[in-house]
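Please read them alongside the sequence and the coordinates.

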Amino acid sequence: MSDESLRYSREDLAEFEQIIQDKLTAARKEVSFIKETLSRKNDSGTDNTASSSKVLEDGADTAEKESLNQLASRQMKFIQQLENALVRIKNGTYGVCIGTGKLIPKERLRAVPHTQHSIEAKMARRD
């Protein structure tokens, strides 16, 4: 484990890049689905002739749209974090904890591939 304490090997980085690409694909599909769902909700498909009897439904629709918007926003943030991780792979800083300067364990990166903190640094930030 000579130089491995500073950087991951090309093989390791290729594995992490594939994990990130897979997560990016899934996240982008989910955002697309949410956007389609929201656009269908905006198009009721009927003319609003009985609008006074739909007040409760409109409230529920508004709450659901807000929930979907929040979910889409979180997914977009996740996508940005994954894309930033790909940049770190390219520039050679991926997998190095910004808090401790040590390598983040592979198990953590497999579970949370966009992280920039080891568990040690993350726990220290909470104190």
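1. Helices (H or I, at least four residues) and strands (E, at least two) are taken here as DSSP runs, numbered from the N terminus. This is a predicted model, in which local features need pLDDT of at least 70 and side-chain atom pairs count only at pLDDT 80 or more, while totals for chains, interfaces and linings use all residues. Residues are numbered from 1 along each chain as its sequence is written, and side-chain values use heavy atoms, with hydrogens and water left out.

2. P113 lies in the loop between α3 and α4. With 1% relative accessibility, P113 counts as buried (under 20% relative accessible area; exposed is over 50%, partly exposed in between; 1.4 Å probe, protein chains only). Beyond four places in sequence, P113 is in contact (heavy atoms within 4.5 Å) with residues including I19, I20 and Y94.

3. H117 is placed in the loop between α3 (106-111) and α4 (119-126), and at 16% relative accessibility H117 counts as buried. Among the residues that H117 touches, sequence neighbours up to four places away aside, are C97, R108 and K122.

4. An unreviewed UniProt entry annotates residues 97-121 as "zinc finger region: dksA C4-type"; such annotations may be inferred rather than shown by experiment. Over residues 97-121 the chain is 36% helix and 0% strand, with the end C-alpha atoms 8 Å apart.
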